[in-house]
Amino acid sequence: AYSNGVDEDGNGFQDDIAGWDFYQKDNDPFDDVDYGHGTGEAGDQADEANDGGGFPGVAPSAMHMPLRGADSFVAVDSDCAQAVVYAVDRNVSVISEALGTISATPSGQGAIDYAYRRGIPIIASAADEQSRHHNFPAAFEHTIWVNSVRNGDGTFVAETGDYTIQNGCTNHGGRAWAAIPSTSCSSEATGRSGGIAMLLVSHGRNLVERGLLQPYPGNTPEHPFSAEEVRQLMGGDQIPELF
């Protein structure tokens, strides 16, 4: 109803009123797979609270921009890179992706570097091959590489009561930056991590507004931290005076 076939803002994306589909090249990024992979990740991150729709996301008051880069969770590097650049140009606060690409190019790394320089952290899925395989785009430099832990896998390992067991499907290895408790694989961990990153950014904005924090040099108040600072905070190197 809102598509008039005219690119009023001249950004090259016709009628992009709610994100963009870089897979089918149109303004309808609807997640049309039966199991709702992208929708599920977005819900873990930003589902509203008290709306009768189930458990809220980690950051239930966050706004969400849907960008579709593949038919499911296996993407082409160039489509993913275009989605990242699009998001950065629209000044988003956090980018999260629960996918893997079948290629890895300088363009893919360049898109992530573009976000990194603008203070926009990228939460990247470890993928679900239960191996040390280096999944892209998570294995690019300057991402926040996350996987999943849980309280027993329900099959081979008894319930433990605490989240100390690596999920039975998530990838692992030396690139892992944050292990996130979840009941599913690394996709759920990615959504939850995106919510955590958004809460950090929101807290930083509040501190800037109260005059208690200066934005990272070169950043606007909308991006109080550098992407590297968000990465370090999520990795456990907390800055005590912020909390």
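The model is a predicted one. Its largest pocket holds about 1200 Å³ of space, and the second largest pocket has a volume of about 430 Å³. A search of the whole structure also turns up 1 cavity of 30 Å³ or more.

**Largest pocket**
- With a volume of about 1200 Å³, this pocket is lined by 43 residues, of which H64, M65, P66, L67 and S96 are the closest to its centre.
- Helix α1 (37-46) gives the most to the lining, with 8 residues.
- At least two lining residues each come from α1, β2 (67-68), α2 (77-89), β4 (95-97) and α4.
- By class, the lining has 24 nonpolar, 12 polar and 7 charged residues.

**Second largest pocket**
- About 430 Å³ is the volume here, and of the 26 lining residues, F73, A98, A127, D128 and S187 are the closest to the centre.
- Two or more lining residues are given by each of α1, β5 (100-101) and α4, with the largest share, 4 residues, coming from α1.
- The lining splits into 9 nonpolar, 12 polar and 5 charged residues.

**Largest cavity**
- About 30 Å³ of space lies inside, lined by Y116, P121, I122, H142, I144, A227, E228 and R231.
- Helix α5 (residues 227-234) provides the largest share of this lining, 3 residues.
- The lining residues comprise 5 nonpolar, 1 polar and 2 charged.

**A look at L199**
- L199 sits in helix α4 (residues 186-209) and counts as partly exposed because its relative accessibility is 43%.
- Beyond its neighbours within four places in sequence, L199 is in contact with V58 and A59.
- The C-alpha atoms of L199 and A62 are 8.6 Å apart, although 137 residues separate the two along the chain.

Key:
Residues numbered from 1 in each chain as written. Predicted model: local features only at pLDDT ≥ 70, side-chain atom pairs only at ≥ 80, totals over all residues. Heavy atoms only, no water. 1 Å grid on protein atoms, 1.4 Å probe; cavity = no way out; pocket = protein on both sides within 12 Å on 5 of 7 lines; lining within 4 Å. Points joined across faces, edges and corners; volume = space filled by probe spheres on them. Nonpolar A, V, L, I, M, F, W, Y, C, P; charged D, E, K, R; others polar. Buried < 20%, exposed > 50% of the residue type's maximum accessible area, 1.4 Å probe, protein only. Contact = heavy atoms within 4.5 Å.
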